[in-house]
Amino acid sequence: MLPSGASASGSALRLGIRVTGTVQGVGFRPAVFRLAESLGLAGFVRNDGVSVWIEVEGERAEGFAETLRTRVPAPARIDGLEVVPCPLRGDRGFSIARSAEEPAETPPSIPPDLAPCEACVAEMLDPAARRYLYPFTHCTGCGPRHALVESLPYDRDRTTMRSFALCDDCRAEYENPYDRRFHAEPVACPHCGPTLRLVHRGQELASGEAALWSAAEALADGAIIALKGVGGFALACDAANADAIAKLRTRKRRPHKPLALLCHSVDDLLRIAVPSEAALRAIISPARPIVLVPERGSWIARNVAPGLDEIGVFLPPSPLQFLLTKLGPRVQVMTSGNVSEEPIAIDNDQAFRNLAQIADLFLVHDRAIAARADDSVARIIDGRPVLLRRARGYVPRAIPLPVEGPPVLAVGGETKDAVCLAWGGRAVLSAHIGNVSHPAGYRAFEDAVRHLVALSGTKPVAVAHDLHPDYRSSRWAETQRLPTIAVQHHHAHVASCLAEHGLRGPALGIAFDGTGFGPDGTMWGGEILAADFRGYARLGHLRALRLVGGEKAILEPWRLALAALLDAGEDLGVLGRQGIDRLTSAKVVWTEGSAAPLVTGAGRWFDAVASLLGLRDVATWDGQAACELEALAGDQLAGPYPFRVERRVPFEIDLRAVIRSIVTDCREGIPISLVAARFHETMAHAVLAGARNGRTASGIGLAALTGGCFQNRRLTERAKALLEGDGFTVLVHGEVPCNDGGLALGQAAIASLQLGGAA
Ligand code: ZN
Ligand code: ZN
Ligand code: FE
C-alpha cells in the first residue's frame, strides 16, 4: 500500500460513484473492495436495485473511478459511471453494505448464466480439494445467475440458494475479499450445498458422488438420462450408441429433427466437426451456445442430423455436464427435456411426470430453477455468430434501445415466442419460450412474463402484441387492463433488426418468413417495407401462393408444390407420386380457393421447391424442407433463374417463371443439387430486385434482412453480397434472432417510441 498523502491535493475527499451495466453477481463489489483497500480509502459499496453505488473517502479518492474502469472483473461490463461529490463522513475502513431496495429506473444488470471457469474446473478435478467432483462448484467468475435469481437486487436470499445455509468453510470464502468466492451468491460445497440424486421410477438409486458415477456408467451402457441442467431439464444418451439414439427419437416422437451433441472438450469436438475460427470462438465463449458447424463425415451425422450437412455441437455449460462427460461418454446427445413442442421441464416433479416415458433414469438435485432457459443455438453467417435461439448464456443481458419510453411489455408472436420488457432506453428479451398455442407453452409464457417483471422492479404501462387477433399472446394482451399496441408482424421484424443495431431507420426491410398477419386480412411473409419505428409502407412483396388445405400445408410441402405448379400453368406430373385422387381433390381445393388462403411467405416458396425436387413432401418439423434444400445446395456456384417484377403499387416479384424453369430442369435430368443452388441464387436476386425497386420508390439505401428465412446461410450471404455490390448498406441479425424469437424486441421499440420518444 502506498503511504497516505501521495495524492496531488493531499486533502481528503468523499465521492459517490454510480455504476451501471452488468455489475451485479459478477464479482464487481469484491473488485471495488480490493481496489479501495489498496488505495487506503474508506467508505462502502452496495448493490442498488439495478446499479452499484460506491462511496469512497480519503486522500486518493479522486482517481478511484478511472482506475476502477481498468480493474473490472471479466464477466462484468460498465455501461455508465457517474461521479458526484459527497460530504465527508470520516468512515473507518471500507465495507460491502447490504443491498438497498430502490425502484429501478433502468433494466436489470443480472448477468447471464456462465460456464465453469478454469479455476473451478481445476478444483473439481483435484482429489484433495473439498469440491472434488462436486457439480455445484461456482465462483464470482462463473456459474448460474439468471437461472437462480427470483428478484432484485441480486443477493443470496433472493435466489434459489436461499435454503442452503453456508458452512464455516464456505462462509470463510464468501467473506474473504481476497478469495475468488468473495460474495459469490451461488457458493456451495458438498457439506452445505445442493445434493445430486439418481432416481429410477421414484426410487433413489444413489446420491452425491455415487449418483454421478452411476449415471455416467448407465450412459455408457446405453441408458437415456433426464438431467437437471442450468435452466431446465435435458435428455442425454451416448452419441456413439446408434440404438440409444434411435430409442430416444422413438420415445420423444422426434424422427428427424436434429439433436445437439455435447462434447467434453475441444479435442473431442474436433473429432466430429469442422468448426471455422468464428464458430470455435462462439463455442468456447462462456455463454456456451450450441453452434451449427459442418460435420466431419463420420457415422454420427446420419443419426443426429439426418438430411443436413451441419451438426449442433457445444461444450459443457455447467459443472454437472462437464463431470458427466468426463466420467461417462465424452460425446453425448443432449436435447431439450420436453415432450414434442412443449417447453422444457424445470422442476423435478414436472420432469418425473412428463419425461417418464422417455428417460430410463433421472439425475436431479434440490436447487430450484427460478427461470426457464433452454440451450441457445447459433450459426455462423457471413463470418459472424447469429443466434437462432436466444436463451441460456445470453438472457437477461440488456439490449440498448435507440428510443426511450416508459416500461412497456411486448409479447411477441406464437410459435417461437419470447417476450420483452423495455424501459429507460434498454430492453430485456426473455429466453426462448416455444409454442404459446400449447397449454404448457402458454403457462411458460405467463411464467416468463412474471419473471421478467420481477427482475425489473417495475410495472409495464402498456402491452405491445402482434396484429394477429388469434395468437394466444395477442389475446393475453387484451386481458391485461392496460393500453395495448398492435404491431404488424413484419414491421416488428424490421424494427427488431434496426433496434439490435441501435438504429431508428428508416430502412428498407426485406422481411422473408413463413407467415404473418397482414392488415388486409391476408397472410404476408415476403415483404419489402419502408419502415422506421413510427410506421411502415408496403412497397412490394413476393407473389402469393395458395396454402392448399390451410394450416396443414405448413407441414406438407407437396401442397405448396401443387399450388406453385397450378399457378404457373404447369401440369402436376412431377407430383405423380402423391396419387391421382389426392392431386385431384387438392386441385379442387386450390381452384375453389376458400380453404386455400393466399400467402406471400418466402418460406413457402422454399417448401414448394423442396417438394418439386422430390426432397421432402411431408415434414416432421417446421423448417425441415427449407433446411434440407439448403443442405442439398451446399456451396456450389450457380446462376439465378429468370423472374420478373410486376410494376404496380405495391410491386410484385413474380416467381412463376422460376417454377417453369425448375420443371424443365427436372425433366432434363439436371442434378437436383444444382437446381437447389440455382433456386437459392434466384431468391437472393429476388431480395436484390425487391430492394432496388424499394429504393427507387423511397430513396432509402439501408437494407435490413429479417424474418426466419435469413436463418438460411446461403441465402443471407448471397443476398448481402449482391446488395452491397449494388451500393446498399446491409443489416443482418446477430444476437437477436431473425425469426419470431426476435419479434418482441421490435414490438417494444415501436411501442417505446409511441409512448415515449427518442433517446
Ligand atoms: Zn469459477
Ligand atoms: Zn459449504
Ligand atoms: Fe415471422
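Which hand does the crossing of α19 and α20 have, left or right? In this predicted model, local features need pLDDT of at least 70 and side-chain atom pairs count only at pLDDT 80 or more, while totals for chains, interfaces and linings use all residues. Residues are numbered from 1 along each chain as its sequence is written, chains are lettered from A and ligands numbered from 1 in the order in which they are written, and side-chain values use heavy atoms, with hydrogens and water left out.

The crossing of α19 and α20 turns out to be right-handed (the near helix is turned clockwise from the far one by less than a right angle). Helices and strands here are DSSP runs numbered from the N terminus, H or I of at least four residues for helices and E of at least two for strands. Helix α19 covers residues 656-667 and helix α20 residues 672-698; they pack at an angle of about 165 degrees, with their axes 11 Å apart. Axes are lines fitted to C-alpha atoms, for helices over the stretch in contact, and angles run from 0 to 180 degrees between N-to-C directions. The pair is therefore roughly antiparallel, a label for angles over 145 degrees. On the α19 side the contact (heavy atoms within 4.5 Å) is made by V658, I662 and D665, and on the α20 side by V675, R678, F679 and T682. These residues divide into four nonpolar, one polar and two charged; Ala, Val, Leu, Ile, Met, Phe, Trp, Tyr, Cys and Pro count as nonpolar, Asp, Glu, Lys and Arg as charged, and the others, Gly among them, as polar.

Then there is the sheet. It is open, has 11 strands with mixed pairing, and runs in the order β7-β6-β14-β8-β9-β13-β10-β12-β11-β15-β16; strands pair if DSSP finds at least two bridges between them. Because β7 and β16 each have a single partner strand, one side of each is left without a neighbour in the sheet. From one strand to the next, the twist averages 35 degrees. Strand β12 (residues 310-314) pairs with β11 in the antiparallel sense over four bridges, and V313 in β12 stands opposite V291. Helix α21 (residues 713-725) packs on the sheet, touching β12 and β15, and its direction makes about 40 degrees with that of β15.

R201, between β6 and β7, has a positive phi of about 45 degrees without being a glycine, and is exposed (over 50% relative accessible area) at 74%. R288, between α8 and β11, has a positive phi of about 50 degrees but counts as buried (under 20%) at 14%. A cis peptide bond joins V395 and P396, with omega about 0 degrees.

Methods: Buried means under 20% relative accessible area, exposed over 50%, partly exposed in between (1.4 Å probe, protein chains only). Angles under 35 degrees count as roughly parallel, over 145 as roughly antiparallel, 65 to 115 as roughly perpendicular and the rest as oblique.
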